[in-house]
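Dear colleague,

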Amino acid sequence: MKLGIDVLRESGYALLQGKRVGLICNQTSLDRNGNRTREVLNRAPQVRLTALYVPEHGLDGKELAGKHVASRRDPVTGLTAFSLYGDTRKPTPAMLSHIDIMLFDLQDIGSRSYTYISTMALAMEACAENGKDFVVLDRPNPMGGLRIEGPPLEPKWKSFVGQIPVPYVHGMTTGELAGMIHGKRMILAVPRLTVIRMEGWNRGMSWSQTGLRWMPTSPNIPKGTSPLYYAATGMLGGLHGLDIGIGTGNAFEFAAAEGVDANEFTRFMNAQNFPGVHFTPFHSKKKPGFAGSQIHIDHNAGGDLIELDVTLIAELNRRNRTDLFQNTPASEMSLFHKVFGSDSLANDLKRGVSPKAVAVKWKGYNQSFRSERTRYLLY
C-alpha cells in the first residue's frame, strides 16, 4: 500500500523541481511508515518547501469543531502555517505569494459535511486565480469507495459544511473528488491539476485492510471505523437534547435522548433491519436520564447510513420529552439544514413523512451520481 506521498517520493519529486512548494497538511499528513509529510518534504534536497496551510482543527488536529484556528510558526519545520480556518477559509493572494505549486495531503472521512474537502475546493479555486498549480497526494476513503448515500446539496444551502454538490456519502477519494471538481467546474476557476495516485488500494477496502495506522482526523474521529458512525449519527448530533457519545472514545456510536426506554428503542431499531447494523441498549453516564442504543456497524453493511441517521432522528424525536427541532436554536437549525443540504428533512419529519419515504427521494440521485462519477474514478 503506497499513499500519494510515497509515490511522489519514489518519483524523485520530479513534479516539484525548481518550484516553491506549499503544503496543506495536519497531523494526518503521514507517509505509509508514519513519517510526517511536511518533514519528508522539508528534508528532501530536491524539494523547496516554503509554506504550510492548515484546515479546521489545526496543525495537530486538537482544536474542537468550529473553533477559530490561528496562523502560527510550525515548530517541526520552522515554516509559517497559514490558517484556512481563521480569518479566511480560502488562501489569499498574500498567502500564496510564497509558492508556485500547492500540495494537498489531508485524510478525509468520506462525508460531504467534513470540511477538509471544502478546504480543498477553495484552495483549488485560489490557486487557479493566482496562477499556482495544484497537486493532490491521494489517500484512501476510510469508508471504502463503493458506498453512495444521502441527499444532494441544494444550491441555496451551499456552505463550508456543504461546499461541493455530491451525495452526503460519495465513495470517492480526495484525488477523485478533485478531478470531479475540476472536470465539472464546481468552482469559479480551475487550476492545473495533478493527482498522485495511491498504489495497492481498491474500492472495497476497509481502513483496517489498508494496513495503515489511523491517525484521528479530528478530536471526535478517533478510529478508522469512526467515519461510518459519523455518517450514521452526525446529523442527529446537530440537534439539541441528545447524546451521541461526543467527548468519549466512541464518539458518534450512540443515539440517546432524555426519557427514552433503552430496551424498547433498541427493539424498535433492530426491527428496522438495516443490513450489517445492530443495536444494543445504552444508558448514558455523561448525561443521567438519557438512554437509547449503542450502534454497531459492519464495514460492509448494506444499509443506507443516512437513512439510518434520519430514522434515529425521527424516532428519538417521537420518544423524547421535548421536540428536538423546537429545542434547537435557530442558528443551529440553519447549520443542521446546511449539513443535510436542504431544509426538507426537518419539514418532512414535522409533517409526519416516514424516514423510508424521505430516503426514497435521494435513491434516484444516488444512482445517477454513481454513473456520473465513473469518469473521475482512479481505482
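**Pockets, cavity and sheet**

Helix α11 supplies the largest share of the lining of the largest pocket, 7 residues. The model is a predicted one, in which local features need pLDDT of at least 70 and side-chain atom pairs count only at pLDDT 80 or more, while totals for chains, interfaces and linings use all residues. Residues are numbered from 1 along each chain as its sequence is written, and side-chain values use heavy atoms, with hydrogens and water left out.

The largest pocket holds about 1,000 Å³ of space. Helices (H or I, at least four residues) and strands (E, at least two) are DSSP runs, numbered from the N terminus. Of the 41 lining residues, Ala65, Gly234, Gly237, Phe252 and Leu335 lie nearest the centre of the pocket. A pocket is an open set of points on a 1 Å grid over the protein atoms alone, with protein on both sides within 12 Å along at least five of seven lines; a cavity is a set where a 1.4 Å probe fits but cannot get out, and lining residues have an atom within 4 Å of a point. The pocket lining divides into 19 nonpolar, 15 polar and 7 charged residues. Here Ala, Val, Leu, Ile, Met, Phe, Trp, Tyr, Cys and Pro count as nonpolar, Asp, Glu, Lys and Arg as charged, and the others, Gly among them, as polar.

A search of the whole structure finds 1 cavity of 30 Å³ or more. The largest cavity has a volume of about 40 Å³, a volume being the space filled by probe spheres set on grid points joined across faces, edges and corners. Its lining includes Gln107, Arg139 and Thr174.

Thr174 also belongs to the buried residues of α5. In that helix (residues 174–183), 8 of 10 residues are buried, that is, under 20% relative accessible area (1.4 Å probe, protein chains only). Among the elements that cover them are α4 (116–129) and α13 (355–372), contact meaning heavy atoms within 4.5 Å. Helix α5 lies across β5, β6 and β7, at about 160° to β7; axes are lines fitted to C-alpha atoms, for helices over the stretch in contact, and angles run from 0 to 180 degrees between N-to-C directions.

These strands belong to an open sheet of 7 strands, in the order β3-β4-β2-β1-β5-β6-β7, with mixed pairing. Strands pair if DSSP finds at least two bridges between them.

Yours sincerely

Key: Buried means under 20% relative accessible area, exposed over 50%, partly exposed in between (1.4 Å probe, protein chains only).
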